[in-house]
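Reader: I'm new to reading protein models. Could you take me through one?

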Amino acid sequence: MTALGLSLTLLLLLPHIALGWLESSHPAEAWHLLYPKIRDRLIDKESARETMRSLEISLKALYRQNGHVTEEAGLFFPLMGYGPNAIGGRNGSGYHIEGYDFFDGNRHKGHPGHDIFIRDRNQDGLDDITGKPVLVVAASSGIVVSINLGWEPSSPVRGGNYVWVYDPLRGRYFYYAHLTDVLVGVGQIVSKGEPLGTVGRTGVNAYKKRSPTHLHFTVHESRDGYPRPVNPYPELVKRATYP
Ligand SMILES: [Zn+2]
């Protein structure tokens, strides 16, 4: 082939190469770009749900391709060195899903999760006994689909610094909020018990003096791109592994 012929062939191929690259862009990266639009209500519910639905299909395929086809049931307790007695309320009474809708984002109603408190009387974000940060670990294996880092008190984001992990095998989303540090990146595959970050005081309400230092932990189960909260309390109390 002549030089001219080669350049012409490359020119013709270029759009296809570019298109192929776009199509193979990481579904976790795409989820990470979509989520702030849902959080900040910049996208209508139907389009958001449709995109979520197709991303979940891609995330499931990707997870399978990476050899993850089965996993033992049961959650890891998400706070290193703590157990169910650190869960707020009486017998998990802090969980309220009345009026809650995932697509209401940052302005959602209810409290579809559990606050798990650390020993931190002076509110420095460190465990009063060990003097160290408390690790937040993955309750379930999955793919990190979004993180937020660099939250400032001027930000309206209620979750502060957070991590979302999608478990493609069970179609569940795990949300860990109010962290100080985030130790994982978008697209990373994490195993149960793997550190995701450290407990902190980030987020509109968690930052306030009246709020004792805690992890906010929510589990959603998604069918067809519509995550709905499920209560992990029975699993956390009866079957969890304690790191
Ligand atoms: Zn909470």
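What follows is a set of questions and answers about this predicted model.

Reader: Let's start with β7. Is strand β7 largely enclosed or open, and why?

Author: Strand β7 covers residues 195–199. To count as buried, a residue needs under 20% relative accessible area. Four of the five residues in β7 are buried, so the rest of the structure leaves this strand largely enclosed.

Reader: Which residue stands opposite P195 in β7?

Author: Look at strand β2, residues 135–137, which pairs with β7 in the antiparallel sense over three bridges. The residue facing P195 there is V137.

Reader: And in β7, what is the bridge partner of L179?

Author: For this one, go to strand β5, residues 172–182. β5 and β7 pair in the antiparallel sense, over two bridges. In β7, L179 has as its bridge partner V199.

Reader: On to the largest pocket. Which element supplies the largest share of its lining?

Author: The pocket has a volume of about 470 Å³, and 26 residues line it. H108, R158, G159, Y175 and H216 lie nearest its centre. At least two lining residues come from each of α2 (27–39), β4 (161–167), β5 and β8 (214–223). The largest share, four residues, comes from β8.

Reader: What about the classes: how many lining residues of that pocket are charged?

Author: Sort the lining by class and you get ten nonpolar and twelve polar residues. The charged ones number four.

Reader: I keep seeing rings. What kind of pair do Y162 and Y175 make, and why?

Author: The structure holds 16 aromatic pairs. In this one the ring centres are 5.7 Å apart and the planes sit at 55 degrees. Planes under 30 degrees apart count as stacked and those over 60 as edge-to-face, so the Y162 and Y175 pair is tilted.

Reader: Where do Y162 and Y175 sit, and how many residues apart are they?

Author: Y162 is in strand β4 and Y175 in strand β5, so this pair links distant parts of the chain. Y162 counts as buried at 1% relative accessibility, and Y175 does too, at 12%.

Reader: Last one: is N106 buried or exposed?

Author: N106 lies in the loop between α3 (45–65) and β1 (114–117). Its C-alpha atom is 8.2 Å from that of I38, 68 residues apart along the chain. The cut-off for buried is under 20%, and N106 has a relative accessible area of 17%, so N106 is buried.

Definitions and conventions. Residues numbered from 1 in each chain as written. Predicted model: local features only at pLDDT ≥ 70, side-chain atom pairs only at ≥ 80, totals over all residues. Heavy atoms only, no water. Buried < 20%, exposed > 50% of the residue type's maximum accessible area, 1.4 Å probe, protein only. Pairing = 2+ DSSP bridges. 1 Å grid on protein atoms, 1.4 Å probe; cavity = no way out; pocket = protein on both sides within 12 Å on 5 of 7 lines; lining within 4 Å. Points joined across faces, edges and corners; volume = space filled by probe spheres on them. Nonpolar A, V, L, I, M, F, W, Y, C, P; charged D, E, K, R; others polar. Phe/Tyr/Trp six-rings, centres within 6.5 Å; stacked < 30°, edge-to-face > 60°.
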